[in-house]
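Subject: Structure handover

Hello,

Please find the structure below. My notes on it follow.

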Amino acid sequence: MTPDPLDNPQFISGIHNYCDRWCERCGFTSRCSSYAMEKAFEEEAESPDAGQQLHLKALDDHLSWTLDAGPEDADPDETEDIDDLAEMMSAERSFEDQMERRAHEEHDCSSTARMYLDMSRKWLKDSGAGDDDRSGRTSDAFWADVEQSARAQAGEALEVIQWYQFFIYVKLMRAVSGLSSVPPAPGLEDYKAQDANGSAKIALIGIDRSIAAWEVLVNAAPRHRGAMSKLLAQLTGLRQAAEETFPQARAFVRPGFDEMQSG
Ligand code: SF4
């Protein structure tokens with residue numbers, strides 16, 4: 001029988017919730033259930049039997065959950081009414097979700113992060129410094145503007161910028177959703193506040209690293225200094241907005257990362 005990839009006492013609970021998802025640079029891969037799961041599914045292609053076991057287990061877990069959660073004594077005559085009600089509630093919920101999402105998108109943190117994302121993508125494309133798929137491909141024309149001795153550092157800076165440009169927006173949107181005017185379900189208040197701080201913290205880490213990377217690039221490619229300075233200013237403003245909106249975020253202790261050395 002295939003061993004369960006999630007059965008490992010070394011895993012740190014919730015570590016993947018507040019990481020930067022850059023697994024190839026992570027020192028906690030051996031302690032992360034999300035990473036283990038991803039690797040197990042990757043092996044599926046090479047070992048169909050192992051994959052089938054995983055899928056069967058996932059299906060089994062899903063079915064048990066569904067059966068546990070279902071109304072065991074439902075009256076068949078009421079099923080149609082329940083279906084109508086469920087449909088109305090779902091439509092209502094979907095409308096509320098859309099309104100709530102719009103409010104989150106319009107929040108200062110999210111809108112500034114979105115603007116930074118659009119500006120940085122445009123600059124990377126126009127300057128030939130990168131492209132949209134994070135592959136880090138940089139044109140010869142851009143490299144011609146960078147001193148030979150600064151190219152390794154500039155290449156690393158471009159990787160960092162491209163890794164975090166989407167991530168910052170996504171994590172700040174999640175953090176902002178924790179500020180929602182809709183009160184969370186009873187018992188989830190602490191979780192929501194904590195999750196907002198944790199999400200804001202990893203977004204701030206991404207912002208810090210991106211600012212450092214832009215500073216490297218400004219020095220390495222002075223011909224592009226004007227455009228890059230605007231991006232730096234945008235990101236610096238975003239950092240300030242995020243710190244003001246989430247004053248507790250920097251103090252949030254991320255499972256694993258802020259508790260111990262990786263290994
Ligand atoms: S904790 Fe590390 S290994 Fe796990 S998902 Fe995050 S970056 Fe990847």
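**What was found**

The protein chain has eight helices and zero strands. Helices (H or I, at least four residues) and strands (E, at least two) are DSSP runs, numbered from the N terminus. In order from the N terminus, the elements run α-α-α-α-α-α-α-α.

This is a predicted model: local features need pLDDT of at least 70, side-chain atom pairs count only at pLDDT 80 or more, and totals for chains, interfaces and linings use all residues. Residues are numbered from 1 along each chain as its sequence is written.

**Packing**

Of the 263 residues in the protein chain, 24% count as buried. A residue is buried if 20 or more other C-beta atoms lie within 10 Å of its own, exposed if 12 or fewer, and partly exposed in between; C-beta atoms are placed from the backbone. Take contacts in the protein chain between residues at least 6 apart in sequence: 70% join residues at least 24 apart. Contact means C-beta atoms, placed from the backbone, within 7 Å.

The largest nonpolar core has 44 residues. Such a core is a set of buried Ala, Val, Leu, Ile, Met, Phe, Trp, Tyr and Cys residues joined through C-beta atoms within 7 Å. I168, L172, A200, A203, L217 and A242 touch the most other members. Helices α4 (108-127), α6 (151-177), α7 (189-220) and α8 each supply at least two residues of this core. The largest share, 13 residues, comes from α6.

α4 has 20 residues and reaches 28 Å from first C-alpha to last, close to the 28 Å expected at 1.5 Å a residue. The expected span is 1.5 Å times one less than the number of residues. Buried in α4 are C109, S110, T112, A113, Y116, S120 and L124. They fall within an arc of 165 degrees seen down the axis, so they line one face of α4. The arc is that of the directions from the helix axis to the C-beta atoms. The face turned away carries exposed D118, K122, K125 and D126. G128 follows α4, with a positive phi near 80 degrees.

α8 (residues 225-245) buries M228, L231, L235, L238 and A242. These cover an arc of only 80 degrees around the axis, which puts them on the same side of α8. On the other side, G226, S229, K230, A233, Q240 and E244 are exposed.

**Ligand**

Around the ligand sit I15, H16, C19, R21, W22, C23, C26, F28, T29, C32, S34 and Y35. The cut-off is a C-beta atom, placed from the backbone, within 6 Å.

Best regards

Technical notes
Contact = placed C-beta atoms within 7 Å.
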